[in-house]
Amino acid sequence: GNAAILQSIASAEVIYLAENHDSAADHAAQLEIIQAMAEQGDIAIALEMFQRPFQAELEAYIAGTITESELVENSEYETRWGFDWALYAPIVPYGQAKPIPLIALNTPAENTRKVAREGLASLKGDDPNYIPPLNDVDLSNEGHRAWVSDVFNAHGGAGHSLNFENFYAAQVLWDETMAEQVA
């Protein structure tokens, strides 16, 4: 049951909580796990739906200097993530109430869009802020590449304007940025 699952993950340093972005049940389960882990010790909540340049907005929200609606507006949530805020709303205020650090994980959308169109080499100047060194973005994992290729092809693949290599690089950059921030 739930108690056994919670006990089995309690000693982990990092717990990934998967979701279907539009599933209220998934988000309710995430909150239940977060609450159980918070009762056992200090935790942080790392959030894919916030991009790294907006960490200060999360900190201002935790500190109570901006409201939840200001957090949504100031982080450009609607244009950068866009799934119904109500799905995530229970988790974020819980973090503020405890308080538990809320951590922005994701790559700036400007970078992933640019890489998806033009490849990793297109990132110049200030673009590499908030992302790992480009040399750390490893595009050589064949199993991962095959999995992403299946997803790409299921979403129209060659029928849209994105080149798979650039799409794949953008996906790996997204994952590597979040992994670096978690680490």
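I call a helix crossing left-handed if the near helix is turned anticlockwise from the far one by less than a right angle, and right-handed if it is turned clockwise. I needed this for the first entry, and I note that the model is a predicted one.

**Entry: helix 1 and helix 2**

I looked up how helix 1 passes helix 2, and the crossing is right-handed. Helix 1 covers residues 2-9 and helix 2 covers residues 24-40. I read an angle of about 60 degrees between them, with the axes 11 Å apart. The two helices are therefore oblique to each other. I then listed the residues that make the contact. Helix 1 supplies Asn2, Leu6 and Ile9, while helix 2 supplies Glu32, Ile33, Ala36 and Met37. Sorted by class, I get five nonpolar residues, one polar and one charged.

**Entry: the whole chain**

I went through the chain for its elements and found 10 helices and two strands. Starting at the N terminus, I wrote the order down as α-α-β-α-α-α-α-α-β-α-α-α.

Next I checked the overall dimensions. The C-alpha trace spans about 45 × 40 × 30 Å along its principal axes. For 183 residues I would expect a radius of gyration near 16 Å from a compact globule, and the 18 Å of this chain agrees with that. I have 38% of the 183 residues down as buried. Among contacts with a separation of 6 or more, 67% join residues 24 or more positions apart.

**Entry: helix 8 and helix 10**

Helix 10 runs over residues 164-182, and helix 8 packs with it at an angle of about 155 degrees, the axes being 6 Å apart. Angles over 145 degrees count as roughly antiparallel, so helix 8 is roughly antiparallel to helix 10. I noted this crossing as right-handed. From helix 8 the contact takes Asn111, Thr112, Val115, Ala116, Arg117 and Glu118. From helix 10 it takes Asn166, Phe167, Ala169, Ala170, Leu173 and Trp174. I sorted the residues of this contact into seven nonpolar, three polar and two charged.

**Entry: Val148**

I found Val148 in helix 9. Is Val148 buried or exposed? I have Val148 as buried, because its relative accessible area is 3% and the limit for buried is under 20%. Which residues does Val148 touch, leaving aside its neighbours within four places in sequence? I listed Phe164, Phe167, Tyr168 and Gln171. I also looked up the C-alpha separation of Val148 and Gln171, which is 8.2 Å for two residues 23 apart along the chain.

**Entry: backbone points in the loops**

I looked for residues other than glycine with a positive phi and noted Glu76, with phi near 55 degrees. Glu76 sits in the loop between helix 4 (68-74) and helix 5 (77-80). Its relative accessibility is 33%, so I count Glu76 as partly exposed.

Tyr130 is not a glycine either, and its phi is positive at about 70 degrees. I placed Tyr130 in the loop that lies between helix 8 (109-118) and helix 9 (142-154). With a relative accessible area of 40%, Tyr130 also goes down as partly exposed.

I then went to the peptide bond from Lys98 to Pro99, which is cis, with omega near -15 degrees. Pro99 belongs to the loop between helix 7 (91-97) and strand 2 (102-106).

Terms used:
Residues numbered from 1 in each chain as written. Predicted model: local features only at pLDDT ≥ 70, side-chain atom pairs only at ≥ 80, totals over all residues. Heavy atoms only, no water. Axes fitted to C-alpha atoms, helices over the stretch in contact; angles between N-to-C directions. Helix = DSSP H or I, 4+ residues; strand = E, 2+ residues; numbered from the N terminus. Parallel < 35°, antiparallel > 145°, perpendicular 65-115°, else oblique. Contact = heavy atoms within 4.5 Å. Nonpolar A, V, L, I, M, F, W, Y, C, P; charged D, E, K, R; others polar. Rg over C-alpha atoms; globule rule 2.2 N^0.38 Å. Buried < 20%, exposed > 50% of the residue type's maximum accessible area, 1.4 Å probe, protein only.
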